[in-house]
Amino acid sequence: MATEVKPQAMPAPSGAGRPVSGPRPAVRAAASVAGGLLLFLAFPPIDLWFCAPIGVALLTLALYGTRPRRAAWLAYAGAVAFLLPTLSWVRPIGDDTWLALVAIESVFWAVLGVAATLVMRVRLWPLWVACLWVAQEWARGVVPFGGFPWARLAFSQGDSPYTGYAALGGAPLVTFTVVLSGTLLSLLLIRLVRSIRWTRVVAGALLGAIAVPLLGFAVPRPGDEGRTVKIGVIQGNVPGRGMDFLGDEPAVVLQNHADETHRLAEAVRAGKLPKPDIVVWPENSSDIDPYRSELARGIIDSAVKDVGVPVLTGIVALIGDENRATRSLIWDPVTGPGAYYDKRNLVPFGEFTPFKEIILALSERANLVGRQSIPGDGPGALRMGPVTIGTIGCYEVAFDGTVRDAVVAGGSPLVVQTNNASYALTNLPPQQLAMSKLRAVEHNRSVITTATTGISAYVDPDGTVEWQTRELEPAMNVVTVPVRTRDTLATELGAAPEWMLILMGVGATAVAVISRKRTRNVSDVDVPPVPPVRPEGIGDASEER
């Protein structure tokens with residue numbers, strides 16, 4: 001008796017199949033949240049850098065084999081778990097601001113999750129996921145309102161085996177290598193769970209996960225050039241806390257920094273400290289515009305004349321009746337105020353108000369911004385005493401292009417002027433110091449961080465913190481730092497490595513989308529049975545059903 005044989009649909013080609021069955025949604029969500037929390041542990045002040053690739057691995061496992069819609073909310077959940085504690089320093093501004101910022105930034109992770117689950121269906125997917133992570137961080141640094149490039153994975157690696165990659169391709173390459181280690185770890189676990197027969201994939205993933213961080217030590221860096229400069233660092237402290245750090249009396253912050261400068265001058269005369277070549281104050285160290293106030297002008301001029309060398313002050317310069325500029329101003333003991341740099345990357349809702357007419361009408365707190373800041377239009381490179389310093393504002397240290405512009409314009413050493421008074425004793429000051437450590441390695445430059453309330457510090461070109469202050473205490477010191485002019489490959493290439501990685505990730509996503517559409521079209525056609533073919537190499541999320 002003849003037996004009827006029903007035609008079977010051809011199996012989906014490798015790299016374009018349907019999602020595999022896997023853990024339940026609750027398990028995936030738990031893995032995503034755990035991955036996000038591990039990423040938080042990698043950041044200062046906890047500084048468990050090795051948690052970053054492990055966290056990425058968990059997030060990747062949560063997404064592996066899921067459909068795009070589920071991947072979006074899984075990635076969003078992981079982002080919230082990571083960003084809530086990492087950005088908790090925003091809370092002094094208001095819990096609503098903190099939650100809104102986390103909610104907005106997590107959207108970028110949701111988009112990353114969708115793209116990642118698509119490229120996991122093509123070969124070499126650990127590489128493409130790492131590229132997409134770089135694209136996600138780039139997008140966060142651009143939109144909205146000029147971007148918010150905080151909490152990039154690179155900034156958790158200020159002192160780790162991955163740090164050396166900064167000299168090769170900047171912060172984007174550091175993020176890429178951290179994520180690549182994590183995705184290779186996830187591939188290793190997937191293959192071990194599925195079948196030990198995939199020996200080449202298992203061995204390759206294990207070797208890659210180990211080799212990627214170790215190769216960071218092999219990145220070549222320029223050496224010492226035998227030149228130094230002595231820099232006086234001033235931390236004056238503030239009278240208040242949080243949003244009221246200026247206190248009730250005018251000129252207190254300015255007077256605090258002038259007093260510390262007088263103390264520095266006395267210590268130099270007593271032989272307790274070497275005479276500095278230059279002195280640096282933090283951002284907003286003068287709470288009164290010395291261009292318009294004779295009081296402020298007199299206080300600054302007296303302190304500068306006492307120490308006898310040029311002082312880089314930090315003022316808020318009033319412009320017209322409604323605007324201002326956050327200005328780094330050189331004050332000479334003979335000629336007075338001179339060259340300056342106006343901050344280019346401004347803090348949304350802190351230094352300027354987007355959609356001002358609407359926001360100011362809806363929120364009383366938004367009026368605390370007061371005068372609207374105007375961004376500068378040139379790189380922060382100022383000739384000061386025997387050197388050209390690279391001046392970088394508080395918020396700007398997170399922006400790759402702004403820091404590089406200061407270096408390319410001749411800045412060495414770099415001076416990060418910051419006002420963390422509203423965020424004292426939160427996790428912001430240590431996070432910012434970690435950025436300075438990465439920038440030092442990235443550009444082969446000494447970095448001086450000077451803060452109103454701390455953390456003020458000196459970071460050598462190898463990324464080592466040689467000296468730092470406590471928070472909420474007046475402090476002053478003179479540090480001798482190397483002056484280097486040789487550029488790293490990262491400085492010379494600029495954004496080229498980042499764009500290469502972004503284009504690779506976008507290209508892989510496009511291939512995955514096209515392959516997915518073709519598979520859907522093929523699956524609708526009845527064809528004779530075809531035996532499945534197992535591909536070789538690093539596989540995708542659809543090979544086993």
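Axes here are lines fitted to C-alpha atoms, for helices over the stretch in contact, and angles run from 0 to 180 degrees between N-to-C directions. Keep that handy for the helix pairs below. This is a predicted model, where local features need pLDDT of at least 70 and side-chain atom pairs count only at pLDDT 80 or more, while totals for chains, interfaces and linings use all residues. Residues are numbered from 1 along each chain as its sequence is written, and side-chain values use heavy atoms, with hydrogens and water left out.

**The big picture**
- The protein has 14 helices and 13 strands; these are DSSP runs numbered from the N terminus, with helices being H or I of at least four residues and strands E of at least two.
- Of its 545 residues, 57% count as buried, meaning under 20% relative accessible area with a 1.4 Å probe, protein chains only.
- Among contacts with a separation of 6 or more, 73% come from residues 24 or more positions apart; a contact means heavy atoms within 4.5 Å.

**Nonpolar cores**
- A nonpolar core is a set of buried Ala, Val, Leu, Ile, Met, Phe, Trp, Tyr and Cys residues joined through side-chain atoms within 4.5 Å.
- The largest one has 92 residues, and Leu39, Leu87, Trp133 and Trp150 have the most contacts inside it.
- Helix 6 (residues 166-194) gives this core its largest share, 13 residues.
- There's also a second, separate core of 26 residues, which includes Leu254, Ile300, Ala303 and Ile315.
- Setting aside neighbours within four places in sequence, Trp150 is in contact with residues including Leu87, Trp89, Arg140 and Tyr395.

**Helix pairs**
- Helix 2 (residues 51-63) packs against helix 3 (residues 68-86) at an angle of about 155°, with the axes 9 Å apart.
- That makes helix 2 roughly antiparallel to helix 3, a label for angles over 145 degrees.
- On the helix 2 side, Leu59, Ala62 and Leu63 make the contact, meeting Ala71, Leu74, Ala75 and Gly78 of helix 3.
- Helix 6 and helix 12 (residues 428-443) have axes that come within 8 Å and cross at roughly 140°.

**A look at Ser373**
- Ser373 sits in strand 6 (residues 372-373) and is buried, with a relative accessible area of 7%.
- Not counting residues up to four places away in sequence, Ser373 touches Arg324, Thr326, Leu346, Glu351 and Phe352.
- The C-alpha atoms of Ser373 and Phe352 are separated by 5.5 Å, though the two are 21 residues apart along the chain.

Technical notes: Buried < 20%, exposed > 50% of the residue type's maximum accessible area, 1.4 Å probe, protein only. Parallel < 35°, antiparallel > 145°, perpendicular 65-115°, else oblique.
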